[in-house]
Amino acid sequence: MMQPSATDALFDALGDGTRRAILEQLRAGPLPVVEITRRLPVGRPAVSQHLKVLKEAGLVSAQQDGTRRRYQLDPAGITAVRAWLDGLWGQALDAYKTAVEQDRVS
Amino acid sequence: MINTTPVRKSITVDADQKRAFDFFTARHATWWPSTYHIGSSDYEAAVIEPFAGGRWFERGVDGAEADWGKVLVWEPPERLVLAWQITPDFQFDPELVTEIEVRFEPIGPNQTRVDLEHRYFDRFGERAAEMRAIFDSGGVPGAPQGWAGILREFAAAVTHPRAR
């Protein structure tokens, strides 16, 4: 099992209700931090911290808009599809091992 | 930062090299997780045609076939390279080619290590605009899983880890 770190970062990022709520808010389009904060029952420092985690996991990106930074869902979303395929291949190879070894016994 | 490094997985099976290769290819349908399919009808079987240039596709219970990709390299019993040509919105796209290389290495009289590498994720990025549209819409009607579905799946897996 190589390359665990990126998948771990993604799972960690998604393993928090507030962070999932932030992603939900961003699905409609980019938002500045102040607007994200206004929609959630947590303070701005907490939102900033969550955004940092989401950014490191490759789920959101930031862009400067005048004096404000706006956050958006990672437009390519490659990280998510990569993690999805990581899960797919892990599951597929486990099933393959089980099948080939059971076949030998039967 | 966007991570486009290959997905790499290894597994060791109690089978000799030839059997490991044959089972992976000729009996693909017996082990492929049936929930992973793109056809509109229920999944019946997945098929890897046994030659370079062969098709890699699924067949539904109604007999309809849906392409997943093709065989790029066919070197039994050592090596197999498949093209994965499914976009993140679960459509076959002949223009998209990501690669899956599978190597079968004998490590004992009846043991084979299978190394799988799925690479060239940056090629998904060339479709960024379309993917963004899917992300925004929360998924494509009829597709097994849009982006929102993927995120929900991850979230559910994290929140309710499967006991096993």
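Visitor: Is Glu101(B) buried or exposed in this model?
Guide: In this predicted model, Glu101(B) counts as buried, because its relative accessibility is 10% and the cut-off for buried is under 20%.

Visitor: What does the side chain of Glu101(B) meet in a salt bridge?
Guide: The partner is Arg103(B), with an N to O distance of 3.0 Å. Arg103(B) is partly exposed, at a relative accessible area of 44%.

Visitor: Which residue of chain B forms a salt bridge with Asp103(A)?
Guide: Asp103(A) forms a salt bridge with Arg27(B), and the closest N and O atoms are 3.1 Å apart. Asp103(A) belongs to helix H5 (residues 78-105) of chain A, whereas Arg27(B) sits in the loop between helix H1 (17-25) and helix H2 (28-31) of chain B, so the pair joins two chains. Asp103(A) is partly exposed, with a relative accessible area of 22%, and Arg27(B) is also partly exposed, at 34%.

Visitor: Turning to helix H3 of chain A, where do Glu35(A) and Arg38(A) lie in relation to each other?
Guide: Both are in helix H3 of chain A, three residues apart, which is about one turn of the helix. Glu35(A) and Arg38(A) form a salt bridge whose closest N and O atoms are 2.8 Å apart.

Visitor: Buried or exposed, for Glu35(A)?
Guide: Glu35(A) is buried, at a relative accessible area of 18%. Arg38(A), in contrast, is exposed, at 62%.

Visitor: What is the strand order in the open sheet of chain A?
Guide: The order of the three strands is E1-E3-E2, with antiparallel pairing. Strands E1 (31-32) and E2 (60-65) of chain A are at the edges with a single partner strand each, so one side of each has no neighbour in the sheet.

Visitor: How many bridges join E2(A) to strand E3 of chain A?
Guide: Six bridges join E2(A) to strand E3 (residues 68-73) of chain A. In one of the pairings, Ser61(A) has Gln72(A) in E3(A) as its bridge partner. Helix H4 (residues 44-56) of chain A packs on the sheet, where it touches E2 and E3 of chain A, and its direction makes about 115° with that of E2(A).

Visitor: Which element of chain A has the lowest mean pLDDT?
Guide: Helix H1 (residues 4-14) of chain A has the lowest, at 61, while helix H3 (residues 33-39) of chain A has the highest, at 93. Chain A as a whole averages 79, and 81% of the residues score at least 70. Where pLDDT is low, the predicted coordinates should not be read in detail.

Definitions and conventions. Residues numbered from 1 in each chain as written. Chains lettered and ligands numbered in written order. Predicted model: local features only at pLDDT ≥ 70, side-chain atom pairs only at ≥ 80, totals over all residues. Heavy atoms only, no water. pLDDT = per-residue confidence, 0-100. Helix = DSSP H or I, 4+ residues; strand = E, 2+ residues; numbered from the N terminus. Salt bridge = Lys/Arg side-chain N within 4 Å of Asp/Glu carboxyl O. Buried < 20%, exposed > 50% of the residue type's maximum accessible area, 1.4 Å probe, protein only. Pairing = 2+ DSSP bridges. Contact = heavy atoms within 4.5 Å. Axes fitted to C-alpha atoms, helices over the stretch in contact; angles between N-to-C directions.
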